[in-house]
Amino acid sequence: MFANIALRTVLKSSATVLRESGALCSWTRSSASLPGPRVSCVAGSFAVSTPVRHYARAAKKRKTSPEGQFSDLSPTMLKVDYTAVPLAQTTDDLVKRLLSLELASHSDKLKLKTEQMIEKVQRDKNDRSSVEVQVAILTARIRNYQEHLQKHHKDIANKRRMLMAIDRRKKLLKNLRLVRYDAFEKVCEQLGITYTFPPEYYRRVTRRWLAKKAYCIKVFKEVQKQKAEQRLKMSSASTNTKTAETKAV
């Protein structure tokens with residue numbers, strides 16, 4: 001009987017110890033998500049772990065973009081459609097603000113910038129179709145595309161349009177350089193264009209191209225040889241006829 005009582009007391013004490021240890025472990029699990037030192041239970045004892053330092057992230061540096069081509073346009077300037085209107089100069093401030101670049105769209109600013117670049121290189125006031133004017137229009141358009149692609153570098157459609165405009169301007173400058181060199185120098189100086197000379201040949205050299213080139217050279221030499229033989233025959237025939245005529249005389 002006494003053995004049974006002793007056994008019951010031992011079992012009750014072990015059960016209470018197990019309950020306390022389970023409560024401690026559940027408390028450590030719930031406190032693991034909280035900041036600060038973590039407490040773990042090992043066989044009913046407390047073990048405090050070292051605190052973890054959480055440092056703040058470094059601030060991102062903003063990229064300094066270069067000045068755009070509209071930076072020299074003051075907001076008080078009038079739009080292109082109203083610069084030649086005398087009534088726009090004498091109106092009140094509210095109407096001037098509506099007609100100025102302060103509330104203008106991007107296309108209005110681009111139109112005004114294009115007109116300014118045309119005035120630098122045009123031959124006279126009525127010149128709107130010369131090579132110099134076309135180069136100025138393309139230059140304003142190319143710089144607008146470049147500013148757009150700096151912010152939206154995945155815009156493939158506008159990148160293609162920019163490359164097409166660059167090729168068109170390159171052809172016009174090449175033609176202008178061959179025809180009127182002084183106008184070419186003036187356009188490059190006024191618009192800030194650096195003209196780079198194209199390479200002598202664009203094509204990539206391959207074995208097929210080399211074989212084709214060697215064959216074309218061989219055919220060209222054979223044709224030149226045949227033409228030279230024909231000229232010799234014709235010259236000899238003409239000399240024979242002349243000698244025959246002299247003998248007959």
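Helices (H or I, at least four residues) and strands (E, at least two) are DSSP runs, numbered from the N terminus. The model is predicted: local features need pLDDT of at least 70, side-chain atom pairs count only at pLDDT 80 or more, and totals for chains, interfaces and linings use all residues. Residues are numbered from 1 along each chain as its sequence is written, and side-chain values use heavy atoms, with hydrogens and water left out.

**Exercise 1.** Locate Leu87 and state whether it is buried or exposed.

Solution.
- Step 1: Leu87 lies in the loop between strand E2 (45-48) and helix H2 (93-99).
- Step 2: Buried means under 20% relative accessible area, exposed over 50%, and partly exposed in between (1.4 Å probe, protein chains only).
- Step 3: Leu87 has 58% relative accessibility, so Leu87 counts as exposed.

**Exercise 2.** Find which residues of helix H6 (residues 181-191) are buried, and explain how they are arranged.

Solution.
- Step 1: The buried residues are Ala183, Phe184, Val187, Cys188 and Leu191.
- Step 2: These residues cover an arc of only 135° around the axis, which puts them on the same side of H6; the arc is that of the directions from the helix axis to the C-beta atoms.
- Step 3: An α-helix has 3.6 residues a turn, so residues three or four places apart point the same way.
- Step 4: Asp182 and Glu189, on the other side of H6, are exposed.

**Exercise 3.** Name the helices against which the buried residues of H6 pack, and describe what follows H6.

Solution.
- Step 1: The buried residues of H6 pack against helix H3 (106-121), helix H4 (131-151) and helix H5 (156-179); contact means heavy atoms within 4.5 Å.
- Step 2: Just after H6, Gly192 has a positive phi of about 70°.
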